[in-house]
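Here's a quick briefing to read with the model open next to you. It starts with the overall layout and then moves on to the details.

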Amino acid sequence: MDKNLMYFKKIIENSGYKFTRQKQYVLKTLINADIHLNAKEIYEIVKEDSVSLTTVYRTLKNFKELGIIKEINANDTNYYEMKIFSGKPLNLHLTCNQCNSIIDIDSRSLNLEYLLLNNKLEKENNLQIYDSNIMFIGLCSECLEKLKWQEQ
Ligand SMILES: [Zn+2]
Ligand SMILES: [Zn+2]
């Protein structure tokens, strides 16, 4: 088992769950994915290893509760991506109105602004923020280029 998987094994087992073979397959699929996957798409990949769709749903719920993965809602579907090791401090996404793709917005430079915004929201509303899920709606750069090209 590679180092990454060992790390997740620890998290899962320390929370009182078993690190089953099925969980390993789902986890590997998410680690290797470079796009956002929904439950059915994950199932299409792991079904060869005889993991059922029900198990995929159950595993995703478990991973989400443990903070291993992140759920993103776009186009009325839930998509999943790694939260731990994702290298993304913020979770900013854009759904493209034209092609329905979900884009990760690299937000490294916004780190400080984001923390300040959190502090401000917490103070003004008397609450505590653990995480965020920000979805912008618009056009991805490819669709924007196409549109510009058509308008010429
Ligand atoms: Zn697009
Ligand atoms: Zn993402």
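Helices (H or I, at least four residues) and strands (E, at least two) are DSSP runs, numbered from the N terminus. This is a predicted model, so to speak of local features we need pLDDT of at least 70, while side-chain atom pairs count only at pLDDT 80 or more, and totals for chains, interfaces and linings use all residues. Residues are numbered from 1 along each chain as its sequence is written, and chains are lettered from A and ligands numbered from 1 in the order in which they are written.

**Overall layout**

- The protein has six helices and six strands, and from the N terminus on they run α-α-β-α-α-β-β-β-β-α-β-α.
- The C-alpha trace spans about 55 × 45 × 25 Å along its principal axes.
- Of the 152 residues, 17% count as buried. Buried here is 20 or more other C-beta atoms within 10 Å of a residue's own, exposed is 12 or fewer, and partly exposed is in between, with C-beta atoms placed from the backbone.
- Contacts are pairs of residues whose C-beta atoms, placed from the backbone, lie within 7 Å. Among those with a separation of 6 or more, 49% join residues 24 or more positions apart.

**Two domains**

- The domain assignment gives domain 1 (1-86) and domain 2 (88-152); such bounds come from an automatic or database domain assignment.
- The C-alpha centres of domain 1 and domain 2 lie 24 Å apart.
- Seven residues of domain 1 are in contact with eight residues of domain 2. Strand 2 (residues 69-74) gives the most to the domain 1 side, with three residues.
- By class, that side of domain 1 has three nonpolar, three polar and one charged residues. Nonpolar covers Ala, Val, Leu, Ile, Met, Phe, Trp, Tyr, Cys and Pro, charged covers Asp, Glu, Lys and Arg, and the others, Gly among them, are polar.

**The four annotated cysteines**

- An unreviewed UniProt entry puts its "binding site" annotation on Cys96, Cys99, Cys140 and Cys143. They're spread over 48 residues of sequence but cluster in space, with a largest C-alpha distance of 8.2 Å.
- UniProt positions are given in the numbering used here, feature names are shortened, and annotations may be inferred rather than shown by experiment.
- Cys96 sits in strand 4 (residues 92-96) and counts as buried because it has 20 C-beta neighbours inside 10 Å. Leaving aside neighbours within four places in sequence, Cys96 is in contact with Ser101, Ile103, Leu139, Cys140 and Cys143.
- Cys143 is in helix 6 (residues 141-151) and is partly exposed, with 15 other C-beta atoms within 10 Å. Not counting residues up to four places away in sequence, Cys143 touches Cys96, Gln98 and Cys99.

**The largest nonpolar core**

- A nonpolar core is a set of buried Ala, Val, Leu, Ile, Met, Phe, Trp, Tyr and Cys residues joined through C-beta atoms within 7 Å.
- The largest one has 17 residues, of which Val26, Val46, Val56 and Ile69 touch the most other members.
- Helix 2 supplies the largest share of this core, four residues.
- Leaving aside neighbours within four places in sequence, Val26 is in contact with Ile42, Val46, Val51, Val56 and Thr59.

**Two asparagines with positive phi**

- Most residues other than glycine have a negative phi.
- Asn75 has a phi near 50°, lies in the loop between strand 2 and strand 3, and counts as exposed, with 11 C-beta neighbours inside 10 Å.
- Asn100 has a phi near 65° and is found in the loop between strand 4 and strand 5 (102-104). Asn100 counts as exposed, with 11 C-beta neighbours inside 10 Å.

Definitions and conventions. Two residues are in contact if their C-beta atoms, placed from the backbone, lie within 7 Å.
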